[in-house]
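Please keep the viewer open as you read.

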Amino acid sequence: MVRYATRNRLALAGAVLLPPALCAALVPVRGVLPHADAALIAVVAVVAVAALGNRAAGALAALSAAVWFDVLLTPPYGTLDIARSADAVTAVLLLVVGLTVAQLAARARKWKVITVLDDGYLAQIHRTARLAGTAASPDEVIDHVSRQLVGLLGLSACRFEYGTLLGHPPRLREDGSIDWGRRHWDADRDGLPPAEVELRVLHNGRFHGRFLLRPAPGAAPPLGARLVAVTLADQVGAAFDNLSPTAA
């Protein structure tokens, strides 16, 4: 308990100090560095803090990163004002992605897997968050995430069902584990089950639908990839807040 309390105190300190230090280091190149790339670099500080501490520290780091990105890297410099709408969108996305990645990193730390930055995971989360902010309907986000899930999890196919829960397929849960009926499926040892796997899409307690994942033979995605898949499904759920599907 003392060790975890110390880690969390260090993480809270890092949440306050690391984002401004990282953003300050980018000041000499802020005139040539694309703001989207600067935002991705700022998220690294969030990941580092969340991997060390708890969700609260990660959330504080996300807020700190968004504030210092605004103050140091977007004109007019030295203020919380943002002159261009594109920079405002990037700052908001930085906060959203930072909060999402903080939760993902906290989950990964709980299961002793620090893979958030491996294999383009972070870039996939960022691309989906950006699309969710510009898409005309959830269908665009669903199609995008379906393609991501195929590559991420080693699937032969992926489809989405709106608002139905027929049957009892294996289920990919928010902690990256898989349940099949009353049985726990050891995905780390056995890979994905030889059946369509359900990944539910919920937001604010409301069920919107589910991805049905058809694994390719021998598909065995690591826990980090499964956690990213859950995070992408969470972003689809959030897209339903402000957008309406074209089909239901």
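A disulfide is a pair of cysteine sulfur atoms within 2.5 Å, and by this rule the count here comes to zero. This is a predicted model, in which local features need pLDDT of at least 70, side-chain atom pairs count only at pLDDT 80 or more, and totals for chains, interfaces and linings use all residues. Residues are numbered from 1 along each chain as its sequence is written, and side-chain values use heavy atoms, with hydrogens and water left out.

| Residue | Relative accessibility |
|---|---|
| Cys23 | 1% |
| Cys158 | 18% |

Next comes the core. A nonpolar core is a set of buried Ala, Val, Leu, Ile, Met, Phe, Trp, Tyr and Cys residues joined through side-chain atoms within 4.5 Å. The largest one has 62 residues, and Leu149, Leu152, Leu153, Leu199, Phe211 and Leu213 touch the most other members. Helix H3 gives the most to this core, with nine residues. Leu149 has contacts (heavy atoms within 4.5 Å) that include Cys158, Leu199, Phe211 and Leu213, leaving aside residues up to four places away in sequence.

Helices are DSSP runs of H or I with at least four residues, numbered from the N terminus. Among the buried residues of H3 are Ala57, Gly58, Phe69 and Asp70.

How do H5 and H6 meet, and at what angle do they pack? H5 (residues 121-134) and H6 (residues 138-153) pack at about 170°, with axes 10 Å apart. Axes are lines fitted to C-alpha atoms over the stretch in contact, and angles run from 0 to 180 degrees between N-to-C directions. Angles over 145 degrees count as roughly antiparallel, and H5 and H6 are therefore roughly antiparallel to each other.

Key
Buried < 20%, exposed > 50% of the residue type's maximum accessible area, 1.4 Å probe, protein only. Helix = DSSP H or I, 4+ residues; strand = E, 2+ residues; numbered from the N terminus. Parallel < 35°, antiparallel > 145°, perpendicular 65-115°, else oblique.
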